[in-house]
Amino acid sequence: MKSRRPSQPKFATRAIHAGQAPDPSTGATMTPIFQTSTYTQVGLEDHKGFEYSRTGNPTRAALEDCLASLENATYGLAFGSGMAAESAVLSLLRPGDHVIAGDDLYGGTYRLFERVLGPMGLEFSYVPARDVSAYATAIRPQTKMIWVETPTNPLLTLVDIAAVASVAREHDALLVVDNTFASPALQQPLDLGAHIVVHSTTKYLNGHSDVVGGAILTSDEKLYSEMKFYQNAAGGVPSPFDSWLVLRGVKTLAVRMRQHGENAQAIAEHLDGHPLVRKVYYPGLPDHPDHALAKQQMRGFGGMVSFAFEGTRADVDVFVRNLRVFQLAESLGGVESLCCHPATMTHGAIPKAERERRGVTETLLRLSVGIEDVSDLIADLDQALEAVSARHSKPVAEREHAGAGRGAKRR
Ligand SMILES: Cc1ncc(COP(=O)(O)O)c(C=O)c1O
């Protein structure tokens with residue numbers, strides 16, 4: 001006889017409902033903000049499952065269950081920032097353990113590796129992010145973890161998750177995927193063999209640039225228990241209000257990611273071939289080296305577009321000062337469009353020589369393409385590019401005077 005078990009609701013439905021049954025005490029349809037640090041207990045060791053809000057909070061629990069569902073994970077843990085979530089993952093390691101990381105990754109992750117955990121006895125090596133064989137070559141007897149972002153920040157390189165997962169399994173190492181750039185709307189790394197997914201929920205999951213948060217998702221009970229222990233012991237938890245904001249943001253993740261992707265594709269195509277643009281990095285462009293992998297591994301190409309200027313740092317400065325709709329700001333993944341200069345902002349923690357070796361140069365810009373009307377976004381980029389062209393057509397004295405020309409050198 002055929003099983004009558006109902007099938008699991010689809011992604012967009014889970015984004016709205018998973019972990020969020022109506023509140024049993026009041027019937028409130030939306031999960032309440034349980035703004036309490038403590039819980040009244042009936043008698044010794046007799047309570048309703050909550051004792052103290054660092055250990056557990058019902059609003060945070062709803063978020064953890066919802067995010068676990070979206071990543072096809074059994075367990076979720078929410079944190080007060082993406083970095084706090086990363087620290088919890090790395091608490092699984094001990095001095096002497098070795099980590100292999102893809103060489104294009106968020107500057108703060110690099111800083112945590114090199115400036116905090118390196119001095120405490122962990123060892124890190126970096127390999128070209130898209131080169132699967134490089135991960136295998138870098139394995140040592142002490143290798144306990146492989147850490148990748150895909151797409152990477154800021155160069156939008158892809159890592160073949162299934163292939164790197166089999167390298168990790170073969171050597172008894174854990175594969176951790178930072179899924180911040182794609183979000184679970186576009187890829188679920190656990191389904192491809194990763195052991196742990198980590199997120200900065202500050203980004204697409206919350207989606208409105210009004211929360212800093214993080215999360216870990218896994219289906220491995222032992223790893224979950226160790227990281228849950230660390231969450232309570234070290235205490236980097238999100239507030240009930242921030243948990244609620246992320247829970248609310250996630251409800252529109254599916255529809256937001258579709259629009260981010262559509263707008264980003266149009267912008268990448270528009271910038272590609274512009275005389276002031278040397279190179280566009282977007283996995284949705286057919287000539288991106290990972291385009292075929294992106295089509296196979298992801299359900300869309302995402303909302304992040306990076307590009308290198310054909311010009312100087314001074315040209316980049318003129319460009320960003322002239323943007324009107326795009327805001328010059330750190331962070332990404334909100335409904336509004338942002339422009340970031342990784343070398344001086346998000347990746348400033350990486351030493352210059354190392355940063356440039358990785359391709360994060362002074363003329364690289366990273367766009368977090370929002371969900372505004374795309375014609376306004378393209379018009380904004382065009383008028384800022386025109387301001388750069390106009391600068392080049394002015395005589396030198398006037399150009400230096402036109403502002404934003406500090407230290408400007410013509411190519
Ligand atoms: C890919 C990636 N991972 C992790 C983080 C860290 O997250 P948070 O800023 O929420 O601590 C960031 C922040 O920009 C990021 O871009």
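**The sheet and its neighbours**

Biologist: In which sense do strand 1 and strand 7 pair, parallel or antiparallel?
Modeller: This is a predicted model, where local features need pLDDT of at least 70, side-chain atom pairs need 80 or more, and totals for chains, interfaces and linings use all residues. Residues count from 1 along each chain as its sequence is written, and side-chain values use heavy atoms, without hydrogens or water. Strands here are DSSP runs of E with at least two residues, helices runs of H or I with at least four, numbered from the N terminus, and pairing takes at least two DSSP bridges. Strand 1 and strand 7 share five bridges, and the sense is antiparallel.

Biologist: And in strand 7, which residue is the bridge partner of Leu 77?
Modeller: Strand 6 (residues 196–200) is also joined to strand 7, by five bridges and antiparallel. From there, Val 198 stands opposite a residue of strand 7. Leu 77 has that residue as its bridge partner: Ile 216.

Biologist: How many residues of strand 7 are buried?
Modeller: Buried means under 20% relative accessible area (over 50% is exposed, in between partly exposed; 1.4 Å probe, protein chains only). Gly 214, Ile 216 and Thr 218 point one way, Ala 215 and Leu 217 the other, and all are buried. So by that definition, the count for strand 7 is five of five.

Biologist: Which strands stand at the edges of the sheet?
Modeller: The sheet is open and mixed, with seven strands in the order 1-7-6-5-4-2-3. Two of them have a single partner strand each, so one side of each lacks a neighbour in the sheet: strand 1 (75–79) and strand 3 (123–127).

Biologist: At about what angle does helix 2 run to strand 1?
Modeller: Angles run from 0 to 180 degrees between N-to-C directions of lines fitted to C-alpha atoms, for helices over the stretch in contact, where contact is heavy atoms within 4.5 Å. Helix 2 (residues 58–70) lies across strand 1 and strand 7 (214–218), and its angle to strand 1 is about 125°.

Biologist: How much of the ligand does the protein bury?
Modeller: Polar contacts (N or O atoms within 3.5 Å) include a polar side-chain atom of Lys 203 at 2.7 Å from a ligand oxygen atom and one of Ser 200 at 2.8 Å. Alone, the ligand exposes 390 Å² (Shrake-Rupley, 1.4 Å probe). The protein buries 91%.

How values were computed
Polar contact = N/O pair within 3.5 Å; in protein donor to acceptor, adjacent residues only side chain to side chain.
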